[in-house]
Amino acid sequence: MKSNSKLTFFAILVVSIILNLSTVKAQNVYIRTNKAEIEIGEEFSLIIDLSNTAVSAFDFNIFFDTEILEYKTGPENTNVVGNHIVFVWHDTEGGNSPKDGELAKFRFKAKENGVANFVISGEFYNEAQEIIQADFKGTQVQIGNEENLSTKIIEEQGTDTQTNNAKLQSLRLDKEGLV
């Protein structure tokens, strides 16, 4: 019985060492834009950039607000699903032509005033098929000016400033459900 538990412990130790060796130290994945402030109807580029390392394969998702942005174009292996972009790429030469620096460029068009936040998540692999640990750095773009944003917020809130507008006639706490 002791021999079995020692063997199991040794097997778990070997597997955990192998898994730790198959990951590469953390790299930053940046989202950057060619413009920090834009106007409604204007187009801008969103660039995905990996710092200081080469990748042979990756897949990632970029999340964005579809109410204030319209996706225009991107690389060939791009699929837009709801509020996010799915992008997959691999080196067709088996790791001999890895990418480094700028990985992809996407075009968007501003539809409404607001702040557009971009978030990225995904997996990146080097030429030895090891996972590159990635620290994801999102970004945001200001659409329109701040005066228009505050006006929009006031319009969304409405003009009813009464604190007592529920018109509640009775509240029963002793019975489940609504009557």
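Asp 49 is buried, with a relative accessible area of 17%. That places Asp 49 under the 20% limit for buried residues. This is a predicted model, and that holds for everything I say today.

What does Asp 49 meet in a salt bridge? Its partner is the side chain of Arg 32, at 3.3 Å from N to O. Arg 32 belongs to strand β1 and Asp 49 to strand β3, so this pair ties together parts that are 17 residues apart in sequence. Arg 32 itself is partly exposed, at 35% relative accessibility.

Arg 32 also forms a salt bridge with Glu 102, and there the closest N and O atoms are 3.7 Å apart. Here the strands are β1 for Arg 32 and β8 for Glu 102, so the pair ties together parts that are 70 residues apart in sequence. Glu 102 counts as partly exposed, with 41% relative accessibility.

How many salt bridges does the count come to? It comes to five. One of them is between the side chains of Glu 42 and Lys 35, at 2.6 Å from N to O. Glu 42 is partly exposed, with a relative accessible area of 25%. Lys 35 is partly exposed as well, at 29% relative accessibility. As for shared partners, salt bridges join Arg 32, Asp 49 and Glu 102 into one network.

Now to strand β3. Is it mostly covered or mostly open? β3 is mostly covered, since 10 of its 13 residues are buried. On the pairing side, β3 and β8 run antiparallel and are joined by 10 bridges.

Next, the core. The largest nonpolar core has 30 residues. Which residues have the most contacts inside it? They are Ile 48, Phe 60, Ile 62, Leu 69, Phe 106, Phe 108 and Phe 118. Several strands supply at least two residues each to this core, among them β1 (23-33), β3 (43-55), β4 (57-63) and β8 (99-110). The strands β5 (69-73), β7 (84-90), β9 (114-125) and β11 (139-143) also each supply at least two.

Ser 56 sits in the loop between β3 and β4. Is Ser 56 buried or exposed? Ser 56 counts as buried, because its relative accessibility is 8% and the limit for buried is under 20%. The side chain of Ser 56 reaches the backbone nitrogen of Glu 127 at 3.3 Å. What else is Ser 56 in contact with, leaving aside neighbours within four places in sequence? The list includes Trp 89, His 90, Asp 91, Gly 95 and Pro 98. Tyr 125, Asn 126 and Glu 127 are on that list too.

Where is it? Gly 114 is in strand β9. Gly 114 is buried, with a relative accessible area of 8%. Gly 114 and Glu 67 are 47 residues apart along the chain, and their C-alpha atoms are separated by 9.6 Å.

Definitions and conventions. Residues are numbered from 1 along each chain as its sequence is written. This is a predicted model: local features need pLDDT of at least 70, side-chain atom pairs count only at pLDDT 80 or more; totals for chains, interfaces and linings use all residues. Side-chain values use heavy atoms; hydrogens and water are left out. A nonpolar core is a set of buried Ala, Val, Leu, Ile, Met, Phe, Trp, Tyr and Cys residues joined through side-chain atoms within 4.5 Å. Buried means under 20% relative accessible area, exposed over 50%, partly exposed in between (1.4 Å probe, protein chains only). Helices (H or I, at least four residues) and strands (E, at least two) are DSSP runs, numbered from the N terminus. A polar contact is a pair of N or O atoms within 3.5 Å; within protein, one must be able to donate a hydrogen and the other to accept it, and residues adjacent in sequence count only if both atoms are side-chain atoms. Contact means heavy atoms within 4.5 Å. A salt bridge is a side-chain nitrogen of Lys or Arg within 4 Å of a carboxyl oxygen of Asp or Glu. Two strands pair if DSSP finds at least two bridges between them.
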